[in-house]
Amino acid sequence: MAPKRPKGAGAFPKPVESPAPKPSDPSALYAALDLGTNSCRMLIAQPKGSQIHVVDSFSKSVQLGSGLESTGRLSRGSMRRTIQAMRICQQKLKRHKVKSMRLVATEACRRAKNAREFVRQVRRETGLQLEIIQPEEEARLAVISCAPLVSTKTEQLLVVDIGGGSTELVWIDLTSVPPLERARAIMRLRSGFHSAESPFPAAKVVDWISVPLGVATLRDQFRDVEDDSARFALMSWFFEENLSEFAPYKDAPPSEGFQIIGTSGTVTTVAASHLGLRRYDRTKVDGLRMTSEQIDKVIRGYLDLGPKGRRADPRIGQDRQALIMSGSAILQALLRCWPTDRLSVADRGLREGLLYAQMSADGVLEDGPF
């Protein structure tokens, strides 16, 4: 299955100017909900200087996309599980009296024939209004969430967001941006992947793509392969084949000034395994840099463990053990294409991007790192 190149990829229209936002209460709470193919996750936060301070959170594996590959529809069971999770989110939003929020759904709802019906059911049963966002916005929000992790030495940046149903890749050229302005230039991409006139140095989006293969959809396509190692090799090869239309793939990246930032449960799990953590610790994982050799060693260890061993590994956990090898296959394919000693691990993503975008639009974030 070849990736469907999003309409408008590579073409960056001039954005529509909007009036300046009215000042908002800096103590107000904001919420961001990300309903993906596998998980329902929400953050409630408030601005704190140039960063966000998380007040409450929620995460649940709902497997919304279960069976989607074969039927093209969201199943009754997956919709029921998801609505139960969203009821908990609704209770949290009500308890914290959150007024500003964005609740978004991604690849599973983009592909499902009955997605609109599901959105109406969610609204009817929980009072929450889901918004199905397009791949360009999903990629853009993942990119801006990673802005604090961009090195001042980075000239070429590849941001990779491995989701449950799709994987977004964005290649950004920062050579025209002064080193101390690079993180701030990434944050300015919240308004779109375009080359709008601006008095500030601009990050140039060279290319981006949304590959309709994530940890859940890739696993489902090779579920019938019984041998663990053979299934892993086939998944990794198949994902690499689906990268053929991504333009930077044709050119070897520079050895100096090149950085990959990976944001996903796969990348953070691999980092936790590399560190040998007994219990997951975000402060040790977020921002960690790993080499290709270190990542390969962890993945080989997963293969040596086998399905039973991975299931018993506390760093992987019951919810993720079924998906860690498809995610590792994607990660290994990426590192074959672009080997690096500077893969930065991001325990952040779409939710944080949604929060940064909302707060920035309301003018409640201080002009710090961005």
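**Figure 1. Valine 98 in the loop between α2 and β4.** In this predicted model, valine 98 lies in the loop that runs between α2 (76-96) and β4 (100-105). Valine 98 has a relative accessible area of 8%, and because buried means under 20%, valine 98 counts as buried. Leaving aside neighbours within four places in sequence, the contacts of valine 98 are Leu29, Tyr30, Ala31, Ile44 and Leu93. Alanine 45 is 53 residues from valine 98 in sequence, yet the two C-alpha atoms are 9.5 Å apart in space.

Figure 2. Most residues other than glycine have a negative phi. Lysine 97 is not a glycine, but its phi is positive, at about 55°. Lysine 97 is found in the loop between α2 and β4. Is lysine 97 buried or exposed? With a relative accessible area of 67%, lysine 97 is exposed. Glutamine 63 also has a positive phi, near 50°. Glutamine 63 sits in the loop between β3 and α1 (68-71). Its relative accessibility is 38%, so glutamine 63 counts as partly exposed.

**Figure 3. Strand β7 and its two partner strands.** Strand β7 covers residues 167-173. β6 and β7 form a hairpin, with 4 residues between them. The pairing of β6 with β7 is antiparallel and has 7 bridges. One of the bridge partners can be named here: aspartate 173 in β7 is the partner of glutamine 156. β7 also pairs in the antiparallel sense with strand β8 (residues 204-211), over 7 bridges. In β8, lysine 204 is the bridge partner of aspartate 173.

**Figure 4. The two faces of β7.** Which residues of β7 lie on each side of the strand? Thr167, Leu169, Trp171 and Asp173 are on one side, and Glu168, Val170 and Ile172 are on the other. Both faces are covered, and the residues named on them are all buried. Strand β7 is largely enclosed by the rest of the structure, because 7 of its 7 residues are buried.

**Figure 5. The largest nonpolar core, seen around leucine 158.** In soluble globular proteins, nonpolar side chains tend to be buried together. The largest nonpolar core in this model has 47 residues. Which residues have the most contacts inside this core? They are Leu158, Leu169 and Trp338. Not counting residues up to four places away in sequence, leucine 158 touches Leu169, Val170 and Trp171, together with Phe246, Phe258, Gln259, Ile260, Ile261 and Trp338.

**Figure 6. The second largest pocket and its lining.** The volume of the second largest pocket is about 1200 Å³. Its lining is made up of 47 residues, and the closest to the pocket centre are Arg41, Ser59, Gly265, Thr268 and Arg320. Which elements each supply at least two residues of the lining? Among them are the strands β2 (39-48), β3 (51-61) and β6 (156-162). The helices α9 (265-275), α12 (317-320) and α14 (350-362) also each supply at least two. Sorted by class, the lining has 11 nonpolar, 19 polar and 17 charged residues.

How values were computed. Residues are numbered from 1 along each chain as its sequence is written. This is a predicted model: local features need pLDDT of at least 70, side-chain atom pairs count only at pLDDT 80 or more; totals for chains, interfaces and linings use all residues. Side-chain values use heavy atoms; hydrogens and water are left out. On a 1 Å grid over the protein atoms alone, a cavity is a set of points where a 1.4 Å probe fits but cannot get out, and a pocket is an open set with protein on both sides within 12 Å along at least five of seven lines; lining residues have an atom within 4 Å of a point. Grid points are joined across faces, edges and corners, and a volume is the space filled by probe spheres set on the points. Ala, Val, Leu, Ile, Met, Phe, Trp, Tyr, Cys and Pro count as nonpolar, Asp, Glu, Lys and Arg as charged, and the others, Gly among them, as polar. Buried means under 20% relative accessible area, exposed over 50%, partly exposed in between (1.4 Å probe, protein chains only). Two strands pair if DSSP finds at least two bridges between them. Contact means heavy atoms within 4.5 Å. A nonpolar core is a set of buried Ala, Val, Leu, Ile, Met, Phe, Trp, Tyr and Cys residues joined through side-chain atoms within 4.5 Å.
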